[in-house]
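Student: Can you take me through this one? I'll ask as we go.

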Amino acid sequence: MIEVSEALHRILSALPLLGAETVSLTEACGRISAAPVTAHLFNPPADVSSMDGYAVRAVDTAKDARLHVIGEIPAGHPSDLAVTPGTCLRIFTGSLVPDGADAILIQENTTRDGHHITVTEPVASGRFIRPKGLDFSEGQTVIPVGRKLSARDIGIAASANCPWITVRRRPRVAILSTGDEIVLPGAIVPPGSIVGSAAFMLAALLRKAGADPIILPVARDTVDSLTDSIRQLETVDLLLTIGGASVGDYDLVKKALGETGLVTDFWKIAMRPGKPLMFGQMNGTPVIGLPGNPVAVFVCSLVFVLPALRAMSGEVTKDDGIESARLAADLPANDQRFDYLRATLSRDENGVLWAKPFSRQDSSMMAPLADCDALLLRERFAPEAKTGETCRIMRLHGLVD
């Protein structure tokens, strides 16, 4: 068995970077930028007013000073008029600041009488003016390479007058479940069979991560069935198998893939759940063989598959999703496998975050997985831990939900 960190390093080192494509702003959210987005203009493009009021010379705004209103400048309608000593121009939020003005006297600090205003509160030079390029300058990079684009990124790209963004292609990921006992949700479940939940859970996880998942028909527990399924596989960027990667007589994935060109990198990881995880290359396509139990599928997907998708998409992230909490229950000493324990989170009256692992951690149990808030991480050979000690967690909300 190899360690989790070594397995992850081997997987990420072997993955190709996906190609790029250019999409419109309406299609870009959630994609990974493949080229920097640079502004096509200054924002704002010129000095503009940040308030409704009057464009003035600050030196003319002594208390009780009286100014002549010589016109107005609605937003979107530049004016050739200029402010001169003793005059002002009515102005609105977003209006271009006219020549001669160096401040905006807000309307709350004036009284108006026909074509004249009286200053009730002086204004300093530069006040309530947004200078040209305050937000960003023409040619400035507003979105770097490798960012997962948010609604905010779409907003700044639009502000920068960039209607198209170059992004990484969505990874196409095939999911192949194996097992004579697997039936689809909604089907009659004969004795000895189980409903296959892992493929649908995995597809949802992949879709949330920005991939295009393809659920293949379930392969039966024969080498011929498995090889037939694999040979009919269309071009994908990543193949994920579920089940059949352990050491039982009917765990045939490794053998079947080998007959269709798989070169195995490793098989078996020192982790729980997820020990029988396999990685290799099959005719240029990366293959991750996941365990059969659904909780193991979920955990291995968080630890290996999602980082693999980020690597293939060129996503740059510094957040590993790990944070600290306090243990809400005693834990025994750990063995040679790295543990990922399902746990709930709560905060006490002092705002301290507590993590309570479920008492049963069987990798076939979906209810604790659905109810958990985080995975509690336990290092290999970790000593006994008592309630109140610091622990590390991987919070699930925001990561996968």
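Student: Which residue follows helix 4, and what is its phi?
Tutor: Gly210 follows helix 4, and its phi is positive, near 100°. Helices here are DSSP runs of H or I with at least four residues, strands are runs of E with at least two, and both are numbered from the N terminus. This is a predicted model, in which local features need pLDDT of at least 70, side-chain atom pairs count only at pLDDT 80 or more, and totals for chains, interfaces and linings use all residues. Residues are numbered from 1 along each chain as its sequence is written, and side-chain values use heavy atoms, leaving out hydrogens and water.

Student: Which residues of helix 4 are buried?
Tutor: In helix 4 (residues 198-208) they are Ala198, Ala199, Met201, Leu202, Ala203, Leu205 and Leu206. Buried means under 20% relative accessible area, exposed means over 50%, and partly exposed is in between (1.4 Å probe, protein chains only).

Student: And what covers them?
Tutor: The cover includes strands 13 (172-177), 16 (212-215), 17 (238-242) and 21 (285-290), along with helix 7 (294-313) and helix 8 (366-371).

Student: Switching to the loop between strand 3 and strand 4: is Ser50 buried or exposed?
Tutor: Ser50, in the loop between strand 3 (48-49) and strand 4 (53-56), counts as buried because its relative accessibility is 15%. Leaving aside neighbours within four places in sequence, Ser50 is in contact (heavy atoms within 4.5 Å) with Thr93, Phe128, Ile129 and Arg130.

Student: What about Met51, what does that touch?
Tutor: Met51 is found in that loop too and is partly exposed, at 28% relative accessible area. Not counting residues up to four places away in sequence, Met51 touches Ile91, Phe92, Thr93, Ile104, Ile106 and Phe128. Met51 and Ile104 are 53 residues apart in sequence, but their C-alpha atoms are 7.4 Å apart in space.

Student: New topic. How many aromatic pairs are there?
Tutor: The count is 2, with rings of Phe, Tyr and Trp (its six-membered ring) pairing if their centres lie within 6.5 Å. Planes under 30 degrees apart count as stacked, over 60 as edge-to-face and the rest as tilted. Phe266 and Phe279 have ring centres 5.9 Å apart and planes at 35°, so that pair is tilted.

Student: Where do those two sit?
Tutor: Phe266 is in strand 18 (residues 262-267) and Phe279 in strand 20 (residues 278-282), 13 residues apart, so to speak of the pair is to link distant parts of the chain. Phe266 and Phe279 are both buried.
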